[in-house]
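Dear colleague,

I am handing over the structure below, and after it I set out what was found. Please read the notes with the structure open beside them.

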Number of protein chains: 2
Amino acid sequence: MVDTTAVLGETLKTLIENKKFSTIRDMLETMNPSDIAGIFQDFSDEKLPVMFRLLPKELAAEVFVEMDSDQQELLIRSFSDTELKEVVDELYVDDAADIVEEMPANVVKRILRQADPEMRKMINEVLNYPEDSAGSIMTTEYVSLRPKMTVQEAFKRIKRTGIDKETVYTCYVISDDRMLLGYVSLRSLLLADEDEKIEEIMDPNVISVCTTDDQEEVARAMSKYNFMALPVTDKEGRLVGIVTIDDALDVIEEETTEDMEKMAAIMSSDDKPYLKTGVIELWKARIPWLLFLMISATFTGIIITNFEDSLKACAVLTAFIPMLMDTGGNTGSQASVTVVRALTLGQVEFSDVWKIIWKEIRVAVICGITLAVAGFLKIFLIDRMLMNNYAVTFPVEIVICSTLFFTVICAKITGCTLPLIAQKAHLDPAVMASPFITTIVDVISLIIYFGIAKLILGI
Amino acid sequence: MVDTTAVLGETLKTLIENKKFSTIRDMLETMNPSDIAGIFQDFSDEKLPVMFRLLPKELAAEVFVEMDSDQQELLIRSFSDTELKEVVDELYVDDAADIVEEMPANVVKRILRQADPEMRKMINEVLNYPEDSAGSIMTTEYVSLRPKMTVQEAFKRIKRTGIDKETVYTCYVISDDRMLLGYVSLRSLLLADEDEKIEEIMDPNVISVCTTDDQEEVARAMSKYNFMALPVTDKEGRLVGIVTIDDALDVIEEETTEDMEKMAAIMSSDDKPYLKTGVIELWKARIPWLLFLMISATFTGIIITNFEDSLKACAVLTAFIPMLMDTGGNTGSQASVTVVRALTLGQVEFSDVWKIIWKEIRVAVICGITLAVAGFLKIFLIDRMLMNNYAVTFPVEIVICSTLFFTVICAKITGCTLPLIAQKAHLDPAVMASPFITTIVDVISLIIYFGIAKLILGI
């Protein structure tokens, strides 16, 4: 795939300077909304409204959805009421709700005033669901059918109302009191006889979620079952909306970013693109964990201070502290990331705790042996032979290598159990895959190190 | 969403014991293929084929696709040739190719022998594309239309051939020599007049990928443009297949797991579920990085050994080594993970390097000041006042806090530039978000620490 967006952007800029507006319009019409929004991102605040007005009505709304909220706000402020109405009328409800959520109150008021009453009602409905719930990402525009309709009547209904619906490929069958009875795909409608009744061809085994379900759970369900859309019902089982696969994909991308940030000790910030995020915002997202981890390091400090005399007696031990701590931290986070990922993908749950610990212990034993042997050889070859550091005596080597072995085992057990405990305690397991675990393992490895040193070296 | 799968699994087991096979069949028919595969996972090798034979033909194939490869192999070995043919005939080409890839040679031969000649040809075609390429995840079953067809003729074609196609919702318009001319959605076909020509309603601005493009790039494009399917062409622009959104979702999940594993210093293993991965496999995936990082720690050892006399002169400095190294590592990986994620989501590229460094320097300065001030207070309050550790004199405090400040700045700059350099050098940026960066920052922070100590304390 060749990235032509940058080239097109340059061409457009030249065309604007030469005021070739009809050429620009023709060019834009052939382009994808998401690419146009990408190009518009580099435009100045004066140029943007001019360019936006060149877009045909329907495309304009699609491009608008793809723009970032700063630019959306700028455009809304520059719109006349008629222009605003035109854009809002073309939006899908879930997109409109997303946009409204990001706008300041006075802009929200203007948007809602321009929306027609039904749209306004639907936007408000979606806005009322808790953030990160199925309700907040659903759209209320779907095709509903009745069980007694014939296939022919269903097609008529789809043709009449389908133009405004986000998807027509899955239609939902509801009773008179809006209870969800089943679903029928457009494909099976196409392949059915015209006179067949919907209730004969619909699939009554429909998997649905509740408006209050977590959006991540919804996205995982869609990914697991390969669904293009998932119906959302209220607590009584009445159909209130659908979540479409494009929104589920966004949720997965968003949650992945959050998990990775947690692993790097970053507090979740909002999902602005990196270059648009302010310096203070980045600082706010990063400093809390840094402070917390720095203060926690007091414990490692206390341990080292307590063993200051041992270190004086055998100064060479200090040189291996970073290696032992890092190896412990690395083995620990390997175990925790593996378990966190398995939890996210639904491969394991808390009841598997003993199976997981048993597996990690076995892995730890062979990892520990490998590292101890390799560490022994490395110290012998590099520190003793190559660098003539004879302070690393044979007993010191034994201390270091046995510390390696026991640290690896403790680190793996800690690494695999903490995320499971977090999950059980309804905390986020991903936080446990963070440097948090490194800090805990640091303390463990130092205690093991000095304990073994006292035992073997008698210091 | 209530998890009823476990309950259903128990019920099924009781029903099998009581040999209520017709009840089982009725129950299974109402369930989702992916859930059935989940329940089958716990069944013994003897029970599985019995249960599988209870499934109606079409559902059987869908369940088969969702099972893991060990169980698929077991079933294939227990199938008669006729049974195997029935399942293979119902598979989509991309699923069949996925299954064939995981099987041992003799099983592959049996599968290909049972597939009809056209299917065999298509499977072989998909198998020939490089792993992780668009060609390897595409299906060759799609609906193709001709520009001169009318809408009515198009519907006839969809009804005749659509039952075997993975998606009928986007149809691709091709010329006589199979060049991709445009696409038309089933929705626009439905809303168009029966006599309109396809070339009048098709969208000629179709975004396509090449068979050799990276699968991750394909998945990102589908997510960016909100496509349900993306056409795949050969180098000459002839349509050879399509990638559907469900496969793109799988790719994103897979790549996310790989990225997280890299961040935790795990070599990518195959994507088996955790509990199914053997101890030796886990060891193989984890030990290379652990060994490499342990050996790299030689550098921190060398630095500490070189400054052994300074540490003897001022023993209290040792106690702060873990805190300084950890804080450096944490700030560094914050920057690198942010940049790696922005690269993955296409928010930044190498040319943004100066913008990124400038932003990180500003963040680093305020993070550094915050940490230095907090560190100063913490040492004063906890170490001096609370723990009466008077070895931490005022000059020592100054050494520690200024090390904090400079370490944070160096760590952030290293953290943000390394992934960009990796990307530029066509290496994987995610590896740079790994403990690898911690190891580099460890060395930097120790050099700064001892340098400042020498300067201020004159030791």
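**What was found**

In chain B, the hairpin of strand 2 and strand 3 has five residues between the strands, and R178(B) there takes a positive phi near 65 degrees. This is a predicted model, in which local features need pLDDT of at least 70 and side-chain atom pairs count only at pLDDT 80 or more, while totals for chains, interfaces and linings use all residues. Residues are numbered from 1 along each chain as its sequence is written, and chains are lettered from A and ligands numbered from 1 in the order in which they are written.

Strand 2 (residues 170-174) of chain B pairs with strand 3 (residues 180-185) of chain B in the antiparallel sense over five bridges, where pairing requires that DSSP finds at least two bridges between two strands. Within this pair, Y172(B) has Y183(B) of strand 3 as its bridge partner. Helices (H or I, at least four residues) and strands (E, at least two) are DSSP runs, numbered from the N terminus.

Chain A holds an open sheet of three strands in the order 4-5-6, with mixed pairing. Its edge strands, each pairing on one side only, are strand 4 (209-210) and strand 6 (239-244) of chain A. Strand 4 of chain A runs parallel to strand 5 (residues 229-233) of chain A and is joined to strand 5 by two bridges, with V209(A) standing opposite V232(A) of strand 5.

Helix 15 (residues 215-225) of chain A lies across strand 4, strand 5 and strand 6 of chain A and runs at about 140 degrees to strand 5; axes are lines fitted to C-alpha atoms, for helices over the stretch in contact, and angles run from 0 to 180 degrees between N-to-C directions. Helix 16 (residues 245-263) of chain A also packs on the sheet, touching strand 5 and strand 6 of chain A, and its direction makes about 65 degrees with that of strand 6.

Turning to the two chains together, the contact takes 99 residues from chain A and 99 residues from chain B, two residues being in contact if their C-beta atoms, placed from the backbone, lie within 7 Å. On the side of chain A that touches chain B, the largest share, 14 residues, comes from helix 21 (residues 321-344) of chain A. The residues of that side of chain A divide into 54 nonpolar, 26 polar and 19 charged, where Ala, Val, Leu, Ile, Met, Phe, Trp, Tyr, Cys and Pro count as nonpolar, Asp, Glu, Lys and Arg as charged, and the others, Gly among them, as polar.

With best wishes
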